[in-house]
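Let's walk through this one together, from the overall layout down to a couple of single residues. Have a look at the model first.

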Amino acid sequence: MSNDITLSDELINNLYGVICQHDESAKQNMIVALQYFSAVSGYMLGDYPGPAEERDELIDQLAAFTKNVSADRVNQQQAQQQPAQQEPAAAAGKSEATDDPAVGIWKPE
């Protein structure tokens, strides 16, 4: 693949919206929407100007690319869902010095 692409929520939502306008069932069934996305790719690949072998190789590359984008999205969503690790709050109190500098006595407040 030649150039980097940039996905955004706006782009995805706009494309999904067009599919839903075309077929209402895509709103209730994600598989239908995914079939449309895939069918559009296949339709466009049918116009690929190169030989069939190149087109088949491109299809394989796009399938692998799709798998990588999906894995990245899953990882992104999991990272967002993990609660931020919070440091435990320090116990309220103070340490009183003793004659031994390595030992203190903790007194809660």
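Among contacts (heavy atoms within 4.5 Å) with a separation of 6 or more, 12% join residues 24 or more positions apart. Keep in mind that this is a predicted model, where local features need pLDDT of at least 70, side-chain atom pairs count only at pLDDT 80 or more, and totals for chains, interfaces and linings use all residues. Numbering starts from 1 along each chain as its sequence is written, and side-chain values use heavy atoms, with hydrogens and water left out.

Of the 109 residues, 6% are buried, meaning under 20% relative accessible area, with exposed over 50% and partly exposed in between (1.4 Å probe, protein chains only). The accessible surface (Shrake-Rupley method, 1.4 Å probe; for residues, only the protein chains shown count as cover) is about 9,700 Å², and carbon and sulfur atoms hold 53% of that.

Val32 counts as buried because its relative accessible area is 16%. Leaving aside residues up to four places away in sequence, Val32 touches Asp23, Ser25 and Ala26. Cys20 sits 12 residues from Val32 in sequence, with 9.6 Å from C-alpha to C-alpha.

Now compare Leu7, which is found in the segment before α1. With a relative accessible area of 48%, Leu7 is partly exposed.

Conventions:
Helix = DSSP H or I, 4+ residues; strand = E, 2+ residues; numbered from the N terminus.
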